[in-house]
Amino acid sequence: MQTKATVLIIEDEENIADFIATSLKAQEYKAVSTRLGKEGLALAASLCPDLILLDLGLPDLDGMEVIRKVREWSGMPIIVLSARNQEKEKVEALDLGADDYITKPVGSPELMARIRTALRHGAASGQTKAENVFITGGLQLDFGKRAVRVNGEEVHLTQVEYKIVAFLAANAGRVVTYDAIISHVWGPYMDDNNRILRVNMANIRRKLEQNPAEPRYIHTEIGVGYRMAEEE
């Protein structure tokens, strides 16, 4: 089953946030909203959205600081959506790592087009195999469609489960440490307790492996991390 992209909206004007969320849901994206920068940072770390829509004028934290903090640990696409139209601020946001800058007001068609473009670029930069299909044995990952199949049957993975599997597949044949996976999926705000990773991995194996106790696709390197079987 295809995993839909998740968009995190960090916007303090409720009517604008609602409009954006409605437009996203109409295009079958998942939308999560907050009006606070600090909560947005926490959601970015916990949800690992595919894209952030960010207003700069937040009540608790300047949007520039949000960009700076996210870029300390993630390359997820960030689109600034702001009433600030000074060239200096646009340049600063882009230099800090924003992928795009849209001045309010903006129509839904243009916004959706910018989001599609940012998601494509994010996939291309975030996955070494973003436009390819990864195959090992009966497991198939279509990075472009974000779809997973086992022996031809579509498998539904949660957003987090998909990110784990895709990250391992992008590094197939290599041992990926627990810390590297946790940092990639949950960000630096997650402590180094591996329990949440082990729980997700157990769920992934139940969905992908014929015998989870003897996995064919994702192997455990005890005390170190996990290794995806090499691509065929």
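Colleague: Which residues does UniProt give for the domain "Response regulatory"?

Modeller: The UniProt record, an unreviewed entry, places that domain at residues 6-119. In the predicted model, the span is 48% helix and 20% strand, and its end C-alpha atoms lie 10 Å apart.

Colleague: Where is Asp 50 placed, and is Asp 50 buried or exposed?

Modeller: Asp 50 sits in the loop between helix H2 (37-47) and strand E3 (51-54). A residue counts as buried under 20% relative accessible area. Asp 50 has 10%, so Asp 50 is buried.

Colleague: What does Asp 50 touch, leaving out residues up to four places away in sequence?

Modeller: The list includes Lys 4, Pro 77, Leu 119 and Lys 163. Lys 4 is 46 residues from Asp 50 in sequence, but the C-alpha atoms are 9.3 Å apart in space. The side chain of Asp 50 also makes polar contacts with the side chains of Arg 146, at 3.1 Å, and Gln 159, at 2.6 Å.

Colleague: What describes two packed helices?

Modeller: The angle between their axes and the distance between the axes. Here, helix H7 (residues 178-186) and helix H8 (residues 195-208) have axes that come within 10 Å and cross at roughly 85°. H7 is therefore roughly perpendicular to H8.

Colleague: Which residues make the contact between H7 and H8?

Modeller: H7 supplies Tyr 178, Ile 181, Ile 182 and Trp 186, while H8 supplies Ile 196, Leu 197 and Asn 200. By class, six residues are nonpolar, one is polar and none is charged.

Terms used
Residues are numbered from 1 along each chain as its sequence is written. This is a predicted model: local features need pLDDT of at least 70, side-chain atom pairs count only at pLDDT 80 or more; totals for chains, interfaces and linings use all residues. Side-chain values use heavy atoms; hydrogens and water are left out. UniProt positions are given in the numbering used here, feature names are shortened, and annotations may be inferred rather than shown by experiment. Helices (H or I, at least four residues) and strands (E, at least two) are DSSP runs, numbered from the N terminus. Axes are lines fitted to C-alpha atoms, for helices over the stretch in contact, and angles run from 0 to 180 degrees between N-to-C directions. Angles under 35 degrees count as roughly parallel, over 145 as roughly antiparallel, 65 to 115 as roughly perpendicular and the rest as oblique. Contact means heavy atoms within 4.5 Å. Ala, Val, Leu, Ile, Met, Phe, Trp, Tyr, Cys and Pro count as nonpolar, Asp, Glu, Lys and Arg as charged, and the others, Gly among them, as polar. Buried means under 20% relative accessible area, exposed over 50%, partly exposed in between (1.4 Å probe, protein chains only). A polar contact is a pair of N or O atoms within 3.5 Å; within protein, one must be able to donate a hydrogen and the other to accept it, and residues adjacent in sequence count only if both atoms are side-chain atoms.
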